[in-house]
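Here's a protein chain to explore, one piece at a time. Have a look at the sequence and the structure, then read on.

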Amino acid sequence: MKLYDSLTSDFKEIDLSKVRIYTCGPTVYDYIHIGNARPLILTDIIVRYLESMEIKYKYLLNITDIDDKIINKALEKKISEDEYAKKFTKAFLEDIDSLNIKRPSSVIPISTKINEILSFIYDLVDKDYAYEISGNVYFDISKWENEYGALSNQNIKNLNIGERIEKDENKKNPQDFILWKKTKVGKKWLSKWGLGRPGWHTECALLIDDFFKTSIDIHIGGIDLKFPHHENERIQYMAKNSREISDVWLHNGHLSLENIKMSKSLKNTILVRDYVKEYGSNSLRFIFLNSNYKQPLNITKELIKHSREWLLKIESMLKTVNWSTKVGEIILTNNTPIDDDFNSYKYITKFREILKDDLNTPLAISLIDEMSKSINKQIKTRMLDRTYSKLIDILKILGFSFNIKNLSDKDIEKIKKWREMIHKKNFQKADRLRNELKQENII
């Protein structure tokens, strides 16, 4: 698989028997929005592709359940931080299930890895890459000036304090970032520097180091995390292990809503659970897959409408084949799809080549359209070749889930009666039966 690496700004080949993947998970202080879902669906496509190729993988996702936002929300609700974080961790897992996203190999809340985090930080201090002042521990950027900023492609000396870097008078250098934070508020743990809690940027570096025991192959996250989070994560791992943290950095583009960048601060986000309830999970998946993952994406009412129309077209075709084959109006053959010159259409091979080319999912959607046209033509001839079964495989690999009913004997009898009424030109009864079949999600 060829993927675009954000660090080198070049394409890299991933050709392994086992692939190690890490995706940045949520800070569980609220429900996730559709922008949070984009890297998760991106990862899901990779995982499903690997499974289709029978390639093994280990996929780790973190849960940030230690954070000032969680502390403040818990205090506001007058419940414990643990109770609050567990509520939204559960909600997050429900949301990814509702999006038909495969569960990662492991989901780790960072609160379960405090001892490991402390060992990681102690190691950085021992190597003189971090220092302690007044109970806070900071990473010393001056030791890595030539490397820091490479991922986000910027000169750290040009960064303005207060914009992307938190102002702190204790730091030796303005760009230094906190690894361990002294605190009297919220949950805290005992370290050799006193009570405190870990900084956000350390958790991902630690989890990759602890879980995989080596560098990973693919690191996935939104472009908004590139700086400072991923930059800080990378430099810590390099300082501790003297090697790159990941072979490929995969960053997906920003989401906008009606031409305004989506963000919680602007209060213009759409929660995943609200979107799924109103439009269905397939709609969001189609919108993401019908655009290049690296590009910014503007969610509009027209785009949502288009996604719904496309899905309705596919679902209608699938239902037609489902009931037609059960009553014998269409015969599924084992014939290989061929063109006018009797050359085989190798749809699955073509599909895999499309995904191997930096996950060119828009082209995969075009392939589905091409196959759908062929199937609709064949429906009229009442003979279907293996294009149909290949389409089902491709839809599954892309993570689409259509509610096609497994027909009972009673359902089949009703369909036959409906077709009989049409044949007899008893259109009033045929219309009544058709409405019933539609309500029962059969046609």
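## Strands side by side

Let's start with a pair of neighbours: strand E8 (residues 177-182) and strand E10 (residues 194-198) run antiparallel and are joined by three bridges. Strands pair here if DSSP finds at least two bridges between them. The names come from DSSP runs numbered from the N terminus, with helices (H or I) of at least four residues and strands (E) of at least two. Lysine 182 sits opposite glycine 196 in E10. In general, strands of a sheet pair through backbone hydrogen bonds, either parallel or antiparallel.

Before going further, keep in mind that this is a predicted model, where local features need pLDDT of at least 70, side-chain atom pairs count only at pLDDT 80 or more, and totals for chains, interfaces and linings use all residues. Residues are numbered from 1 along each chain as its sequence is written, and side-chain values use heavy atoms, with hydrogens and water left out.

Is lysine 187 buried, exposed or partly exposed? It counts as partly exposed, because its relative accessibility is 26% (buried is under 20% relative accessible area, exposed over 50%, partly exposed in between, with a 1.4 Å probe and protein chains only). Lysine 187 and lysine 429 are 242 residues apart in sequence and 68 Å apart in space, C-alpha to C-alpha.

## A parallel pair and its helix

Now for strand E11 (residues 216-222), which pairs with E12 in the parallel sense over six bridges. From E11 the chain crosses through helix H6 (residues 226-241) to E12, in a right-handed β-α-β crossover (with the strands pointing away from the viewer, the path from the first strand over the helix to the second runs clockwise).

How covered are these parts? In strand E12 (residues 246-252), six of the seven residues are buried, and in H6 it's 16 of 16. Just after H6, serine 242 takes a positive phi of about 60°.

A search of the whole structure finds one cavity of 30 Å³ or more. On a 1 Å grid over the protein atoms alone, a cavity is a set of points where a 1.4 Å probe fits but cannot get out, a pocket is an open set with protein on both sides within 12 Å along at least five of seven lines, and lining residues have an atom within 4 Å of a point. The largest cavity has a volume of about 100 Å³ (the space filled by probe spheres set on the points, with grid points joined across faces, edges and corners). Its lining includes Arg38, Phe288 and Thr361, and helix H1 (34-52) gives the most, with four residues.

The second largest pocket has a volume of about 260 Å³. Tyr279, Asn282, Arg308, Leu311 and Glu315 lie nearest its centre, among 15 lining residues. H9 gives the most to this lining, with five residues.
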